[in-house]
Structures are given as structure tokens and as C-alpha cells.
There are 2 protein chains.
Amino acid sequence: MTEPTLDVIGIGNAIVDVLSNSEDAFLVGHGLQKGAMTLIDAARAEALYDAMGAGIECSGGSAANTIAGIASLGGTAGFVGKVRDDALGRIFAHDMRALGVRFATPPSDAGAATARCLIFVTPDAQRTMQTYLGACLELTPDDIVEEEIAAGHILYLEGYLWDPPRAKEAFRKAMKIAHAHGRLVALTLSDAFCVERHREEFRELVENHVDILFANEQEILSLYQVRDFDAALQQVRQLPGVTALTRSAKGSVVVSGEEIHIVDADPVARVVDTTGAGDLYAAGFLYGMSQGLPLRTCARIGGLAAAEVIGHVGARPQVPLARLLAEKLAIRA
Amino acid sequence: MTEPTLDVIGIGNAIVDVLSNSEDAFLVGHGLQKGAMTLIDAARAEALYDAMGAGIECSGGSAANTIAGIASLGGTAGFVGKVRDDALGRIFAHDMRALGVRFATPPSDAGAATARCLIFVTPDAQRTMQTYLGACLELTPDDIVEEEIAAGHILYLEGYLWDPPRAKEAFRKAMKIAHAHGRLVALTLSDAFCVERHREEFRELVENHVDILFANEQEILSLYQVRDFDAALQQVRQLPGVTALTRSAKGSVVVSGEEIHIVDADPVARVVDTTGAGDLYAAGFLYGMSQGLPLRTCARIGGLAAAEVIGHVGARPQVPLARLLAEKLAIRA
């Protein structure tokens with residue numbers, strides 16, 4: 001068995017975000033589920049884009065944001081995901097490679113365009129996402145290369161991969177490879193409605209195959225179909241791995257069997273757009289774990305990375321997170 | 001002669017910006033002229049993009065930003081400019097129309113791609129721009145439609161149009177139409193190096209054809225080849241129209257013959273990216289003029305709009321400026 005050469009390898013939907021400020025009335029008028037990620041087809045994406053306000057474009061994708069965050073923190077990271085060889089696909093690939101992320105998945109040269117997520121940011125900084133998966137549907141087990149997966153100390157997977165059918169097979173293949181090579185497997189539950197769609201499979205996954213689990217409050221309540229956070233905590237305590245539960249302004253709770261850490265959220269001058277908050281928390285946490293830092297410190301790095309990304313529009317860091325880490329937590333790569 | 005139906009019609013290079021934070025060492029290493037707008041060809045644009053950090057994409061273009069600002073302030077506005085019918089071109093057109101801007105210039109369906117401006121934002125919030133003009137070179141006098149130009153109470157032109165040869169002819173044609181219909185003609189000098197390239201023609205323009213002139217300190221010094229601001233002011237006082245001179249943190253000075261107003265800059269919590277500061281100042285000023293407000297108030301609206309745009313990455317407002325106008329200056333559309 002060889003030593004890993006990367007801190008984290010991530011697999012996820014490769015998406016370019018289109019972000020626009022909007023009013024709650026717009027969400028209501030267009031029947032959008034506030035705060036959720038909803039899948040839409042090409043025609044709906046066109047119609048919604050026509051109705052959407054002026055926006056900015058920014059590379060996105062949940063696991064992709066996390067991987068970008070790890071690279072920005074100074075970690076070494078790779079990404080597997082499918083774009084089309086079009087303008088948005090080139091933007092996505094550029095933004096990954098510009099951070100030093102190893103991204104070698106060949107783009108598709110036919111079929112659907114690169115995935116887009118229309119993100120409506122309301123005045124409360126909440127984000128409502130409408131995703132056209134496009135080329136992400138072309139990710140198959142053939143895109144999972146054993147040596148690429150084995151290269152990562154941690155394999156990070158997004159629950160959203162359960163939506164495109166062949167991506168799920170790719171996910172399972174990667175997980176098997178990772179464990180066969182003695183690597184850790186990390187998963188984010190992604191979205192409460194995504195949990196709703198795939199609850200039984202997700203439960204089986206977290207009980208038997210996942211070493212590090214990320215979920216926010218709604219997601220973990222949905223997974224266990226319980227009403228309050230304490231009931232969810234009782235379930236989580238029985239999981240074999242580490243679970244990091246994010247609670248927005250209330251910070252996060254990290255559970256590893258009998259070990260529990262409650263960590264405050266980092267102060268933010270003004271919360272502008274919460275897109276990517278969970279993704280960047282995962283980035284900080286996984287970076288900390290890959291450096292062998294204590295769970296409490298991992299959670300603090302997660303909070304720091306999340307605080308940066310919610311201070312501006314877009315789900316990717318706008319300053320090198322390694323600098324914040326050095327300044328605020330005196331941690332140097 | 002018919003009454004105008006729009007406050008302002010603008011003509012400019014139709015550009016999508018790619019913005020990335022970078023260090024001064026990057027500018028030095030790649031031989032970039034800090035703070036300036038430099039024209040580059042397709043090959044150089046590819047090479048620089050490869051070297052550039054992860055970025056965000058945002059519709060840009062100097063006059064286009066101004067027109068977007070006027071629409072955001074609650075004014076009625078139109079834009080003439082050339083994109084290609086590609087992904088970035090569709091983004092540009094969407095972002096204009098989403099603000100209610102009348103944008104009817106047909107995109108080119110062959111030839112160069114939609115223009116891109118690579119913008120390197122240094123830690124001092126200064127922006128350094130490298131522009132690939134692409135489809136902008138396809139703007140010709142045929143794109144200037146008499147009734148579209150006559151529809152605007154004010155015609156707004158960017159000095160950058162002097163770079164693509166046929167756009168200059170389009171500019172002259174539009175100016176003639178505007179004056180023939182009794183409209184006002186406004187011009188921004190755009191960039192000190194642009195003034196350098198076209199000084200004699202710009203001088204002739206501002207002396208004989210321009211009713212409202214915008215320039216920053218470097219641009220006006222370059223136009224008159226003088227060393228200090230007071231010497232420039234003496235020249236400007238002799239111009240037949242109104243001149244608004246922007247001075248970054250020192251605010252602006254408005255000159256109309258013997259009438260002079262010195263207006264402070266608006267306070268900004270943190271200057272993040274100065275891209276678009278001058279464009280948005282012009283937006284506020286022109287909006288004020290189109291509403292018949294006093295010059296001093298026009299300058300204050302300009303300062304308010306500029307302050308919004310320098311508080312975040314990207315040259316387009318992220319909140320409706322009409323709301324800021326109502327809140328901060330108690331001016332309602």
C-alpha cells in the first residue's frame with residue numbers, strides 16, 4: 001500500500017454558480033423552495049435565468065467548494081467531476097487548477113452543457129438554489145481512477161452525487177477503493193431535501209461506510225426523522241466515525257463517540273450570502289484532520305473558513321485562507 | 001423633434017470581467033501596468049488567464065457599468081455595444097436586460113468571442129485591467145440606429161471606444177445624431193493611457209462636442225499635459241460644458257464655467273475593489289442630471305453609487321441603488 005500524496009480528494013457535481021440578490025416575493029412568485037437545492041431541467045433553467053436579476057458567475061459545486069477551500073488553506077487536494085468542454089466548463093477547470101487543485105477528469109465533448117446553479121440570495125443572506133445538472137449526468141464509474149482516489153488521505157463525497165444515477169455508482173466505486181487503500185471516507189449530507197430523497201441509503205452509508213460525516217441541523221433531523229437536535233445527537237453518538245454538525249450562527253458540534261465539542265461560530269461583520277458556508281466549514285475541518293490536529297481545532301478552522309465565505313457573494317474564498325489561518329489561529333502550513 | 005423616452009443611452013465596449021485578487025509581485029512578474037487598462041490579443045489573454053488565480057465573472061465594460069448603474073438608480077437607460085452570440089455574450093445581455101436596460105444591438109454570429117477583461121485586484125484595492133476586445137471590434141456605424149440614439153435625453157460615450165477603429169466612427173455618428181436632436185453628449189476619458197493614445201482627438205472633442213465630461217485626476221492631467229490639479233482646473237474652467245473630476249478618496253470637483261463644487265467622497269467601511277468606481281460615479285451624476293437636480297446633488301449621487309461598488313468585488317452594484325438613494329439622500333425616483 002502506497003502513502004497518500006494528497007490531503008483530500010473530492011468527488012462532486014462540477015457546477016458554475018450564477019448568483020443574484022432577490023426578494024422573498026420572487027421566490028414565492030416562482031414557487032422556489034427557500035433555502036433548498038432543487039433540481040431543474042434545461043427549459044426551467046432558461047426560464048428562471050430570464051426572470052432572474054443581474055448576477056455574477058462564480059465556480060461552485062458543494063464538494064468542489066470544499067476542495068477549493070482546502071487548497072486555499074494550504075492543503076493539497078484533487079477533484080473528480082464532470083464539465084462539458086464549453087465556456088463555463090473552462091472557467092470551472094481554471095478556477096480549480098489556479099488554486100493548485102489536481103483536476104484531471106476529462107470534460108465531455110458532446111451532450112449537455114456544464115452544470116449551472118441559479119442562486120437567489122435574499123436580504124436575510126439565505127440562498128435558494130436551482131440546479132441544472134447538465135454535464136454532471138455524464139459522470140460514471142469510468143471516471144473513477146484507482147490511483148487518483150488512492151492518492152488522497154481522505155476521500156470527500158457530497159450527498160448530492162446521489163441525484164445523478166451513474167454518479168452514485170461512481171461514488172460507491174470510489175468509496176470501495178478508498179477503504180481498500182486504508183483511506184478515510186468523508187461525506188456531507190448536502191441538503192435536507194436530498195436526505196429526504198435518499199434517506200435509507202444515506203443511513204446505511206453513515207452507519208457502515210463513512211468515517212467523517214458533515215450535516216447541518218435540518219439534514220441530521222431529516223436523516224433520523226427526529227424533531228430536536230438532542231434526539232439527533234443521541235443517534236450520532238452511536239456512529240462509528242466522527243460527525244461534525246453545523247448550526248449556522250450557533251457554531252458547530254463535533255461528536256466522536258463519547259467525545260463532544262461545542263465550538264462557537266466566528267464573528268462576521270456582515271453576513272452577505274450564506275452560499276458555501278457548510279462547504280467551507282467542511283474544508284477547514286478536513287484540512288485540520290489531514291494535518292492531524294485535535295477535533296476542536298478542526299472545528300475552529302471550519303468556522304474560520306465559513307466566516308470568510310459568508311462575508312461576500314459567492315461560495316469560493318476571496319482571500320487566501322492560509323493567511324487567515326496564520327493571522328487568526330496562528331496555524332501555519 | 002420628438003421628446004426623449006430614456007434618461008441616458010450609452011455606447012461602449014461590451015465586456016465580461018474576470019476578477020481575481022492578486023499580489024503586486026504578480027503584476028511585476030507579468031509586466032502589467034498597475035492601475036491601467038491595457039489592450040491584449042487573444043493569445044496573451046489565454047496565457048494571462050492560465051496564470052491568473054481563481055476568479056469571479058461579472059458583466060463589465062465602462063459605459064455598460066454606468067448604464068447598469070443608472071438603471072439600478074431607477075433611471076431609464078439603453079445601451080449599444082457588440083457581443084458575440086456565445087456564453088459570455090448571453091451573460092452580458094442578460095445582466096443588462098435584467099436591470100430593465102434597453103439593449104438591442106444584434107450580437108455577431110461569427111468571428112471573435114465576446115470581449116473579456118482580466119482584472120487583477122491588489123491588496124490596496126487597486127485594479128489592473130487587461131482587455132481582449134474580441135467582438136467589440138465588430139461594432140460599426142451600422143449599429144448606430146438614429147431613433148435609438150435620439151431616444152436618450154443624454155448620450156453617454158466612453159473614451160475607450162477610440163481604440164477599436166470602427167467603434168470610433170460609430171461614436172462620431174451617434175454624437176452627430178444626438179446633437180441634431182438637441183440631446184446632451186457626455187464623455188468619460190476612461191483611462192490616462194487611453195488619453196495618451198488619443199490626446200489630440202480627445203481635446204478637440206471636449207472643446208467642441210462634449211456637454212458633460214468625466215475624468216479622474218490622472219486623465220485630466222494627461223489630457224492637458226499639466227502636472228498639477230489646479231493647472232488642469234484652469235483649463236477645464238474654459239470648457240463650454242460641465243466637467244466632473246473624480247479624485248478617489250478626495251471626492252470630486254464639478255466645474256461649470258465659474259461655478260465650482262467640491263464634494264467629499266462617501267465613507268466606505270472597507271474598500272475591497274475599486275473596479276467601476278468612476279463608472280458608477282458617472283451613473284449617479286448622469287442620473288441626477290437627467291432628473292434636473294443641482295450639480296452638487298448630482299455629484300453626491302455619484303459618490304454614493306461609487307461607494308457601493310468599491311465595497312465588493314466587481315463593477316456592477318450588488319444592491320438596488322435606488323434604495324440607497326432613498327435611504328441616504330432621501331431622493332426617490
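Q: How many residues of chain A are in contact with chain B?

A: This is a predicted model, in which local features need pLDDT of at least 70, side-chain atom pairs count only at pLDDT 80 or more, and totals for chains, interfaces and linings use all residues. Residues are numbered from 1 along each chain as its sequence is written, while chains are lettered from A and ligands numbered from 1 in the order in which they are written. Two residues are in contact if their C-beta atoms, placed from the backbone, lie within 7 Å. Here, 25 residues of chain A meet 25 residues of chain B.

Q: Which element gives the most to the side of chain A that touches chain B?

A: Helices (H or I, at least four residues) and strands (E, at least two) are DSSP runs, numbered from the N terminus. Helix H4(A) gives the most, with six residues.

Q: How do E4(A) and E4(B) run, parallel or antiparallel?

A: Strands pair if DSSP finds at least two bridges between them. E4(A) and E4(B) run antiparallel, joined by three bridges. In one of them, A:Ile56 has B:Cys58 as its partner.

Q: At what angle do the axes of H11 and H12 of chain B cross?

A: Two packed helices are described by the angle and the distance between their axes. Axes are lines fitted to C-alpha atoms, for helices over the stretch in contact, and angles run from 0 to 180 degrees between N-to-C directions. The axes of H11(B) (residues 277-290) and H12(B) (residues 295-309) cross at roughly 145 degrees and come within 7 Å.
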